[in-house]
Amino acid sequence: MISAASPDVASAAARLRALLGDRLHEPGDPAFDTTTRLWNGAVDRSPALVAECLDADEVAGVLRVAARCHLPVSVRSGGHDWAGRALRDGGVVLDLTGLRAVDIDADTATITVGGGVTAAGLLAAAHPYGLVVPTGTVRDVGMAGLTLAGGYGPLCGRFGLPLDNLLGAEVVLADGRRVTADPDHDAELYWALRGGGGNLGVVTELRYRAHRLPGVLAGMIMFALAEAPAVLRGYGALLAEAPDELTVMAGFLPGPAGEPVVFVCPFYSGPDLDAGQPWMDRLRALGTPLVDQITPMPYADAVRMFDGGMVDGNHYLLRTRWLPGLTDGAVDTLVDAARQVSSPHSAVALHHFHGAATRVGLADTAFGLRTDHVLTEIIAVWAPGEEAGPHRDWAEHTSAALAPLALPGGYPNLLAPEETDRVRLAYGPNWARLRQAKRHYDPRDLITAVPTLPPSGHRG
């Protein structure tokens, strides 16, 4: 664990200033507020220092200084974690947003990205080559954080999770050593990185298997809240029949007047997009669409559908459950949640996990659930200045109501920092091996990331 010696912020600041110059930010510096501002206005963290790094050597230098001066480290890449774990109170924030290089090898269909590259940056660079890498649905999310914990997204049925497409990574360990993690170099670290989050080291570069995908048949279909029970039951039945090429999100979003509407959002990625039209027709037939925007488009454009869904500065709290399917009880609970929503900004998202993502062996990566399921994301949103209690209660009540119907654990990228027991359950039989990897690669618990793992000395 981190030494009990008192943190020496002044010495760390002097050493890091010599290393980084004006890319070291302290409280009171104009850039400090900018580099510690996150999209979730509910996050209230007070780091001691922010170190903006431009390469792996600088990352190694920052880690050595932090260890020498007894300061914990957090890593900011996309900075999209809802709980704000990119910022650590009293610690050094290792800011990787300057590592934005994207290298495309079209001949081998591989893409290498820096540790600060977002999904938008990767897709924009890959689009001219007709290549994609599986991403989530929010383009501003950093690829490193998304990949290291899993990465639910619209292509999981056909191509698996982002972590299933990770061919290797360049990592700076807590002691400052630079290593390669892939099947032929430090295979244990490679195993742990794929699902274990950024807790093992600082990933400065990721190399992906890319896929040729000229376009997808995708879009949004929305129905009135009154039709939600029938829509969700029909959605659940369709999921059981969906081919790998069809991955479908669903849930509740704010309507034009703030009232919830139920939505389905299909992504059909087969080579013949016309073959996806019957599935679109089945989704339309679940009710009377208020909105029907299904059309062929490049994948990079399709994921723009959720741009603007999260408004910077609003306050957010997320809860999550893994559902083995959409039973009548689950549908009733979700519809009740929509009807009782505490804010016109709040939402519920259902993410479809199936196909290629289920055919990876449970022991092949650290990711702990490889059976078909639906990830439920309960998103409480309220404006700055509002009392948080009613919105927190809505999210907690919905999560508790789903708990008896849910699988153990939950998606580690969405679990709250205090839910370490559920993190343990999320990894199932992979937990002991992952904990051993954490003790081996970061025995002093210098680095924290998503998911929040208990300290190395913690039993269990």
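# Close-up views of the predicted model

**View A. Leucine 24 has alanine 51 of strand β2 as its bridge partner.** The model shown is predicted: local features require pLDDT of at least 70, side-chain atom pairs are counted only at pLDDT 80 or more, and totals for chains, interfaces and linings use all residues. Residues are numbered from 1 along each chain as its sequence is written, and side-chain values use heavy atoms, with hydrogens and water left out. Helices (H or I, at least four residues) and strands (E, at least two) are DSSP runs numbered from the N terminus; two strands pair if DSSP finds at least two bridges between them. Strand β1 (residues 24-25) and strand β2 (residues 49-52) run antiparallel and are joined by 2 bridges. With strand β4 (residues 92-95), by contrast, β2 pairs in the parallel sense over 4 bridges, and valine 50 has valine 93 of β4 as its bridge partner. These strands belong to an open sheet of 5 strands, ordered β1-β2-β4-β3-β21, in which the pairing is mixed. Its edge strands, each pairing on one side only, are β1 and β21 (447-448).

**View B. Valine 75 lies in strand β3 (residues 73-76).** The relative accessible area of valine 75 is 23%, so this residue counts as partly exposed (buried means under 20%, exposed over 50% and partly exposed in between, with a 1.4 Å probe and protein chains only). When residues up to four places away in sequence are not counted, valine 75 touches Ala86, Leu94, Leu96, Val202 and Thr448; contact means heavy atoms within 4.5 Å. Leucine 87 is 12 residues from valine 75 in sequence, and their C-alpha atoms are 7.3 Å apart in space.

**View C. Leucine 122 and Phe252 have the most contacts inside the largest nonpolar core.** A nonpolar core is a set of buried Ala, Val, Leu, Ile, Met, Phe, Trp, Tyr and Cys residues joined through side-chain atoms within 4.5 Å. The largest such core has 128 residues. Apart from neighbours within four places in sequence, leucine 122 is in contact with Ile111, Val113, Val117, Val133, Met143 and Tyr208.

**View D. Strand β10 (residues 202-209) pairs in the antiparallel sense with strand β6 (residues 110-114).** This pairing comprises 5 bridges, and isoleucine 111 stands opposite tyrosine 208 in β10. Strand β8 (residues 166-172) also pairs with β10 in the antiparallel sense, over 6 bridges. Here glycine 168 stands opposite arginine 207 of β10.

**View E. Strand β14 (residues 246-254) is mostly covered, with 8 of its 9 residues buried.** Strand β15 (residues 260-268) runs antiparallel to β14 and is joined to it by 9 bridges; glycine 251 stands opposite phenylalanine 263 in β15. The hairpin of β14 and β15 has 5 residues between the strands, and glycine 258 takes a positive phi near 95° in this hairpin. Strand β19 (residues 347-353) is likewise antiparallel to β14, with 3 bridges joining them. Alanine 250 has leucine 350 of β19 as its bridge partner. In a regular strand, side chains alternate between the two faces of the sheet.

**View F. Helix α8 (residues 228-239) contains 12 residues.** From its first C-alpha to its last, α8 reaches 16 Å, close to the 16 Å expected at 1.5 Å a residue; the expected span is 1.5 Å times one less than the number of residues. The buried residues of α8 include Ala228, Val231, Leu232, Gly234, Tyr235, Gly236, Leu238 and Leu239. An α-helix has 3.6 residues a turn, so residues three or four places apart point the same way.

**View G. Serine 399 is found in helix α12 (residues 389-402).** Because its relative accessible area is 3%, serine 399 counts as buried. Its contacts, not counting residues up to four places away in sequence, are Arg319, Thr320, Arg321 and Ile378.

**View H. Tyr152, Phe353, Phe367 and Tyr411 form one aromatic cluster.** Rings of Phe, Tyr and Trp (its six-membered ring) pair if their centres lie within 6.5 Å; planes under 30 degrees apart count as stacked, over 60 as edge-to-face and the rest as tilted. The count by this rule is 7 aromatic pairs.

**View I. Arginine 194 lies over the face of tyrosine 190.** A charge sits over a ring if NZ of Lys or CZ of Arg is within 6 Å of the ring centre and within 35 degrees of the ring normal. Arginine 194 is at 3.7 Å from the ring centre of tyrosine 190. Arginine 433 lies over the face of tryptophan 191, at 3.9 Å from the ring centre.
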